[in-house]
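Biologist: I would like a close look at one part of this model, namely the second chain and what it touches. Please take it step by step.

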Amino acid sequence: MNSNRREFLALAGAASVAGFAGFNGGRDKQPKAASKLPLAGQTSAVVVVKAASYSKDLADAMLRGILECELDVAGKTVLLKPNFVEFDPNTCINTDVAVVATALEVFRSLGAADVKIGEGPGHRRDTLAIAELTRYRSEIPNFDDVFVDLNRDDVTGVKGFAGRDEFYFPNSVLSADIVVSLAKMKTHHWAGATLSMKNFFGLVPGSIYGWPKNELHHIGIDTAIVELTRAFGPKSFALVDGIVGMEGNGPIQGTRKQAGVLVMGSDLAAVDATCCRIMGIDPTRVGYLQKAADQLGIIEESRIEQRGEAIKGLRTNFELIKEFSQLRLA
Amino acid sequence: MAGHTSDSKSYLGARLAVLRNTQNPDGGWGYFAGKSSWLEPTAYAALALAGEPAADRAWKLLSSWQLPDGSWKPAAGVQVSSWGTSLCATIAMVRDEWGQPLQNGVKWLVGSSGVESGWLNVVAARLRLVRQERDVALKSWPWKPGNSGWVEPTVHALVALKQASSKISSGELRGRVQMGEAQLMDVRSRDGGWNYGSPAALGVDLPSYPETTALALLALQGHDDLGKAFDLARRQMGETPSPMARAWLTIAMRLHGVKPGELNGDPQSDLMITAIEALAAPEGNYHVMRTAGAAA
């Protein structure tokens, strides 16, 4: 299935939640020829660290990974962007609270001038109630003081995002020196997989674009993921919670899947491609990674410099819904 | 108008005191204290404080945000037409201001609908070219133009248009109200409540949420076929940790003549929720959301 077709189906599926969005929605120009792409021939580093659970040596594992990535946060303002969307006690939708709490401490310990947590949940209006259910509010010290609801932050217009004359983003995102995409390793029933790039949907303010961020579906899910990465990827760092991920009908109604890893790097596409390989998904068949390849990051396995654990022994196939069965890595 | 209590220790008084103390110099409220004014918290605060000078200042600000097409923008610096037009129309009617600004807002609302109901999509759905979990021929309202329709903006549009229908005689308006109510019933979840837009995704049932269930009940005042939804609403009221959901559930129950549970707790840092909670209080202004009932 080509990416346009796949994106069209994803859009049609997304639109079916509230109605079909339009026949042309999500269709894109063909990717540029490989030789002309800006990152052609370059390499990226990705670090994979084993982490068997959320309790044991999490800070040490995270710190090792960040240092291995040579990320310099000293004196910088950092916005941690977890994925918390919804709560269901029977599954694991959100970036685990232990990962977020640990990241807060680790980035502070690395000398960041300020570390905030920001998220704009896509479904639910009462963000703090979700934070309560996910135990963010009870287990992250002074959560209300460090948290920014990106759905309802003050905003600034940005020209030219995804072909829009003006698109509004939260000031807390625009002003941060580093955005850390603290994503959850999950399958996704419109996009195939949701990882550090897709996690940026939560940067879009619901106060203007609603719940869910329907404007992004009309831009086209794959295109929107790519454009958000184009806008914020250069100042971002990815840290994917793959200790326990979600397989099947993700990102909300899937089931738990233990992968036992944290995956990190400054090239979000490379991190997501590596996560895909761990999940048994072929990243070259994931629409948004196809579009990002060599434009925004590296997805080719031979050009990703793997640090930490070798991914070969870590692969654990995540169950895929039939609409995405063709993504299975050979 | 209710809502003039000066007892800052009561549930309502504490919330009104917070609102009075956090109004921005421009007359509006941010979602949180000290932040820029936005339409949504300003509108709910203005309704909660209706009759007070603070509400007049808020309305003056909101009035300056009406766009030439009749819609309202969501904040001073955001040049986008917004679903919040419905809330501004409701405020105008609460203030008994039925002049041109309201007429223009109502006209904009009547002409607004989710893109899924465009003729091409309706035909595609009829021909089963795309999977649909709902009847796209039934028009609903989007958060902003060019997007699909969702429960929450549909609810507020229905409340405003049903209120407007008491004085504005228009077949088109009545038709949109009837269709909007039918649309809400069409997207009801199997459990009797409402999710945020559809009862299912990819053929898998979606559960209802307390806040959207409450809002849908608000829009369906006058319907007498909602019994199961109230059983669910009572259960959600006891289970949800969301003060916003509890407040909306309370407002919906009061307007349907159903006795709600007791509200308690301190005001939130979230000023929008504080304002909705103030509306929900027994002596609060929840009746500003009252409509004449189901469309004839």
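Biologist: In chain B, what percentage of the contacts with a separation of 6 or more is accounted for by residues 24 or more positions apart?

Modeller: The figure is 62%, where two residues are in contact if their C-beta atoms, placed from the backbone, lie within 7 Å. This is a predicted model, in which local features need pLDDT of at least 70 and side-chain atom pairs count only at pLDDT 80 or more, while totals for chains, interfaces and linings use all residues. Residues are numbered from 1 along each chain as its sequence is written, chains are lettered from A and ligands numbered from 1 in the order in which they are written.

Along the sequence, the pattern of chain B is α-α-α-α-α-α-α-α-β-β-α-α-α-α. Chain B has a radius of gyration of 18 Å, close to the 19 Å from the globule rule for 296 residues, so chain B is as compact as a globular protein of that length. That radius is taken over C-alpha atoms, and the rule is 2.2 Å times the number of residues to the power 0.38. Along the principal axes, the C-alpha atoms of chain B fill a box of roughly 60 × 45 × 35 Å. Of the 296 residues in chain B, 57% are buried, a word used if 20 or more other C-beta atoms lie within 10 Å of a residue's own, with C-beta atoms placed from the backbone.

Next comes the contact with chain A. Chain B gives 44 residues to it, and chain A gives 36 residues. On the side of chain A that touches chain B, at least two residues each come from α1 (3-18), α4 (127-133), β6 (166-170), α8 (206-209) and α9 (214-219) of chain A. The largest share of that side, six residues, is supplied by α1(A). By type, the residues on the side of chain A that touches chain B are 15 nonpolar, twelve polar and nine charged. Here Ala, Val, Leu, Ile, Met, Phe, Trp, Tyr, Cys and Pro count as nonpolar, Asp, Glu, Lys and Arg as charged, and the others, Gly among them, as polar.

Methods:
Helices (H or I, at least four residues) and strands (E, at least two) are DSSP runs, numbered from the N terminus. A residue is buried if 20 or more other C-beta atoms lie within 10 Å of its own, exposed if 12 or fewer, and partly exposed in between; C-beta atoms are placed from the backbone.
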